[in-house]
Amino acid sequence: MRSLTYFAAAMILLCSISAQAREVSLDRILGEHRITVVTTEKPESIYRNLLDMGVRNPVTTTTTELMINKRNLKDKDSLLFIMDRKKARRMIDLEENLLPCRTAAIDPNEVILFAAKALGRNGWDILISAPNEKWLKWELERLSKSNLSMLALQERGTILERFRVKRLCVISNEEKQVAADWVAPQNQPGRDAIDWDFYPIDQWNGAADGGTDLMFIINSETLTAKEKKSMLVYLPTTTQEWLADSASKQENSAGKQTTTSAENATSNVFAVAAPSARHLRLALSKYAALEYIPEALERTTLTDLRGYGKMVVIARSALRNNDSENKILDDLAGSLTSVMSSRTGFKCISRQDLKELALETYLNNLPNENSSADLRGKLENATAVAVIDLADVNAQTSYTANAPQCKTAVLPAFSESKPSPPHEPNPDDKPLFCAHTYDEVNGSRANDPHYIRDHNEYHNEKLPNYHRELRRWEERSQDYERTRRDHDMEWIVSITKTQQAKVTGNLRIYDLSSGEVEQVGKVVFSCPVTGSGAKDSLDQEDRVVVRGEENRPQSLIPPDSTKSVSDQVVINDALREACTAAVNELMKNALLPIDIVSNAVN
C-alpha cells in the first residue's frame, strides 16, 4: 500500500520505494495504482484538481472511514491525502499507522525529505514535506534523479534533505528580470531557498500574506510620484526618509525593517535603491542575499558626472622624457580614450600635444576670465579634462631553466617469457582425485616401464633442452637490457623568458564647465591607476643526445634578470588593464552620461 499525502498548510507527499528502486515519479505512481483520496474538503471542490494531477476515477473517503477500513487496503493501493491539518481529527492515528514521522514536528515553511523503514516490507517510506505544491513537485523531481542505494546502509529513519523556504514578495519599478537575476543565485542546494512573486509598483495593491517578507527594488531616477505615493507607507522608515531627501538622486541605499501584523505575524521589509538601472544592478550584486542587507540604512554617495559631454584626455609622466617614455604615454592616452568612450558615454578625444601644458597653473587661476577662455580654447571647448599621471613603470625580464624533456620513446621491459623447467617424473606421482600415474611392478612403481621411459626422456632430452633454452633466453634478455641502457636518447633543454610590466599612477577629472563658479577647475573624480602585463616566450632551445635511459642532461644556465622588456605588447597590456580598472572604478562610483534616461522623472 502506497500513500501520497498533500496538506493545505504544508504539502506532504508520502511514497513507498522498494529496496531495489532507483527512480520514482508522481505521474507513474498516480497512473499505475488504484487511488483512494482521503480528504477533509468537499470532493466536488477538488475533483478537477485530481484529474489534472493524473488521478483516474478517484474514490473519496474521510479519515475516520479510512481508519475503520484500513485492514481492507491492499499492498498495491495508494492513498492520496488532501487535507488541512487543522480539520483532520484523526491525525495522530494517521501518523501512527501510515506516516513515517509526526507531522506536528514539521515546520510548514520547511522542505524536508525523510526516509523510514517500511514496516513489514523490503523497502522505505519516503516523506516529502513542502510549503506548497510547486516546491513539492520540484523535490519529487530531484528525488526521481537521486541514487537511493544509500538507503540500504541505513537502519533507521534519516533526513535526506532539510531547508527553509522564505516567502518573498518583490515590488519594483524595474523589469522582472532584474529581480530574477538577483533571486536565482540564492536558490542553491544546501541553503535556505526563496519562493517569490513579482509585482510592478503600479500593480501592487499593498497586500501580502502573513509572514511574507517584502523586497523593494527601486530605481529612484525613474520612480514616478504616483508610484512613490503608493508604496511609501510600506517601506522601511529609514528608506522613506531617504527618498524624501534630495540627495537620494545621487545615492545608493539599502536597509531593512521588521514589522508585526495585527495577527502577530512577523515579517521583514527590505529595500535596495539606486539612481540608475546600472547602479541598481551593482547594488543588488553587493547585497547578493537578504541577509546581506543591513538593519541600519546604508547610503553610498555617487559622483554625478552626467552633465559632462566632451572630455579631453591627457597622459603625463614625471619620469624621464625620452622616445620610449613618450610612446608609453601616447599608448596610455589612447587606451584610456578608447575605454572611456566605449563604456561611459563621454565623447573623449586624446590631446597628447598638450601633455607639457602647465595645466594646474591654468586651473588654479580659474575662474579668471582670461585663463578660462585661453584654456577652453586649447581644450577645444571641452566640458572636462581627464588627466592620467603615470607615476611608475616597473619592467622586468627574468629567465627560467625548464626541466629537460625526453623526446625518444622509452623501450619497454623485456617481455619474452622465461622458459619453464620440465616436470621430473616421480614413481609416486598421483594427480588430485585420480589414481597413481604408474603401476606397481615387482613390488615397486619404479619398475613400471612407463616410468622408466619417462625418466630416461626427462634426463636425456627434456632437461638438456630446457637448459639450452634458458641459456639462450638469458642471452637475449641481457642483450635487450644492454640496448636499453646504451641506446641514444634525444632530449630538449630550454630556457623560458618571462617579461613583466606594472604601471601605477592616478586619474583625475577636472571640471571646466560647471554652473557653480567655485566648482570650475576642481577635481570632481579621482582614483588610483594600477595595471600589469606578462608574457612567456621560448628564449633558447637545444637538442641533446644522451646515451642510455638512466641518464639525463643538465639543464641550461639561465641569464640574469634585467630591468627592461623587449616586447612593447607587455607594457601595452599593463596600460590597458590599468585603464580598464580605472574606468571600472569610475563606473562604480559615479553617475555617467550612459545613465541618463530620456523620460526620467524629476
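Modeller: Residues are numbered from 1 along each chain as its sequence is written, and side-chain values use heavy atoms, with hydrogens and water left out.

Biologist: Okay, which element of the protein chain has the lowest mean pLDDT?

Modeller: pLDDT is the predictor's confidence in each residue, from 0 to 100, and the protein chain averages 79, with 70% of the residues scoring at least 70. Residues 1–11 stay under 50, and the pLDDT is below 50 over residues 16–26 too. Where pLDDT is low, the predicted coordinates should not be read in detail. Helix 6 (residues 176–183) has the highest mean, 96, and the lowest, 45, belongs to strand 1 (residues 2–7).

Biologist: On to the rings: what is the angle between the planes of W204 and Y234?

Modeller: Rings of Phe, Tyr and Trp (its six-membered ring) pair if their centres lie within 6.5 Å; planes under 30 degrees apart count as stacked, over 60 as edge-to-face and the rest as tilted. The structure holds 5 aromatic pairs. W204 and Y234 form one that is edge-to-face, with 4.8 Å centre to centre and a plane angle of 70 degrees.

Biologist: Where does Y234 sit in the chain?

Modeller: Helices (H or I, at least four residues) and strands (E, at least two) are DSSP runs, numbered from the N terminus. The pair links distant parts of the chain, 30 residues apart: W204 is in the loop between strand 9 (193–200) and strand 10 (213–219), and Y234 is in the loop between helix 7 (225–231) and helix 8 (237–244).

Biologist: Why does W204 count as buried?

Modeller: Buried means under 20% relative accessible area, exposed over 50%, partly exposed in between (1.4 Å probe, protein chains only). Y234 counts as partly exposed because its relative accessibility is 31%. W204 counts as buried because its relative accessibility is 9%.

Biologist: Which residues make up the ring cluster with W204?

Modeller: Ring pairs do the linking here. Along with W204, the cluster takes in F216 and Y234.

Biologist: Is N442 buried or exposed?

Modeller: N442 is in the loop between strand 18 and helix 13. Its phi is positive, about 55 degrees, although it is not a glycine. With 74% relative accessibility, N442 counts as exposed.

Biologist: Which residue's backbone nitrogen does the side chain of Q499 reach?

Modeller: Q499 is found in strand 19 (residues 488–511) and is buried, with a relative accessible area of 2%. Contact means heavy atoms within 4.5 Å, and not counting residues up to four places away in sequence, Q499 touches residues including Q396, G533 and V565. The backbone nitrogen that its side chain reaches, at 3.0 Å, is that of D567.

Technical notes
Predicted model: local features only at pLDDT ≥ 70, side-chain atom pairs only at ≥ 80, totals over all residues. Polar contact = N/O pair within 3.5 Å; in protein donor to acceptor, adjacent residues only side chain to side chain.
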